[in-house]
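Please look over the fold below.

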Amino acid sequence: MKSKTKTKKSRPTKTKPAAKSKKPAKRPEMHTVMAHLVCAGAADAIEFYKKAFGAVEMMRLPGPQGKLMHASVRIGDSIVMLVDEFPECGSLGPKALKGSPVTLHLNVPDVDATVAQAVEAGAKITMPVADMFWGDRYGQLEDPFGHHWSVATHIRDMSPEEIKKAAAQMGRGR
């Protein structure tokens, strides 16, 4: 007596491509958002950032005529990438553009010492260091390459309500 179940013929199995990960590969030292600065004189900018902010050079890739096609430094726990100006590619720094709307923010243990060190290295103070209503001691600089930096040390924790109240009082002249 024959079985009523049909046997399937063996077929070669097709392999599916590996499922794509929903997370792209990421190097651990790379943050989600990072600065990439265009500088007229990126090699000089690296030396300035070393003196001003204690930057550590990670790498540099020289290109035509010695210009830097890519470089990176570590400032604290963050990497800042740099490149020389390449006007033929539309890559211009803030001096060529007559300014920058971007400010890079630097959190440091001692804002006064960091600002003094940056000024000694060639930065210009654009807002003197002072205690701010939101709980930071804070100041602003412009580096020799036209990039703007705000520098802060957190000095007291405040709730959003306390910050709003302090801002309102500041607007009324206290």
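## An exposed proline

P109 counts as exposed because its relative accessibility is 79%. Exposed means over 50% relative accessible area, buried under 20%, and partly exposed in between, with a 1.4 Å probe and protein chains only. P109 sits in the loop between β5 and α2. Its C-alpha atom is 8.2 Å from that of A152, and the two residues are 43 residues apart along the chain.

This is a predicted model: local features need pLDDT of at least 70, side-chain atom pairs count only at pLDDT 80 or more, and totals for chains, interfaces and linings use all residues. Residues are numbered from 1 along each chain as its sequence is written, and side-chain values use heavy atoms, with hydrogens and water left out.

Helices (H or I, at least four residues) and strands (E, at least two) are DSSP runs, numbered from the N terminus. Two strands pair if DSSP finds at least two bridges between them.

Axes are lines fitted to C-alpha atoms, for helices over the stretch in contact; angles run from 0 to 180 degrees between N-to-C directions.

β3 (residues 68-75) and β4 (residues 78-84) pair in the antiparallel sense over 5 bridges. I75 stands opposite S78 in β4. S72 also lies in β3. S72 counts as buried because its relative accessibility is 7%. Leaving out residues up to four places away in sequence, S72 touches V56, E57, M58, M59, I79, V80, M81 and L82. Contact means heavy atoms within 4.5 Å.

## The sheet from β5 to β6

Another open sheet of 4 strands runs β5-β8-β7-β6, again with mixed pairing. The edge strands β5 and β6 (124-131) each pair on one side only. The twist averages 15 degrees from one strand to the next.

β6 and β7 (residues 136-142) run antiparallel and are joined by 5 bridges. D131 stands opposite R137 in β7. α2 packs on this sheet and touches β5, β6, β7 and β8. The direction of α2 makes about 10 degrees with that of β7.

## The helix pair

The axes of α1 (residues 42-53) and α2 (residues 111-121) come within 7 Å. They cross at roughly 145 degrees. F48, K51, A52 and F53 of α1 meet T114, Q117, A118 and A121 of α2. By class, this contact has 5 nonpolar, 2 polar and 1 charged residues. Ala, Val, Leu, Ile, Met, Phe, Trp, Tyr, Cys and Pro count as nonpolar, Asp, Glu, Lys and Arg as charged, and the others, Gly among them, as polar.

## The nonpolar core

Which residues touch the most other members of the largest nonpolar core? Y49, F53, L82 and W149 do, out of 28 residues. Such a core is a set of buried Ala, Val, Leu, Ile, Met, Phe, Trp, Tyr and Cys residues joined through side-chain atoms within 4.5 Å.

β1, α1, β3, β4, β5 (103-107), α2 and β8 (148-154) each give two or more residues to this core. The largest share, 7 residues, comes from α1. Apart from neighbours within four places in sequence, the contacts of L82 include H36, L37, C39, A42, A45, I46, Y49 and S72.
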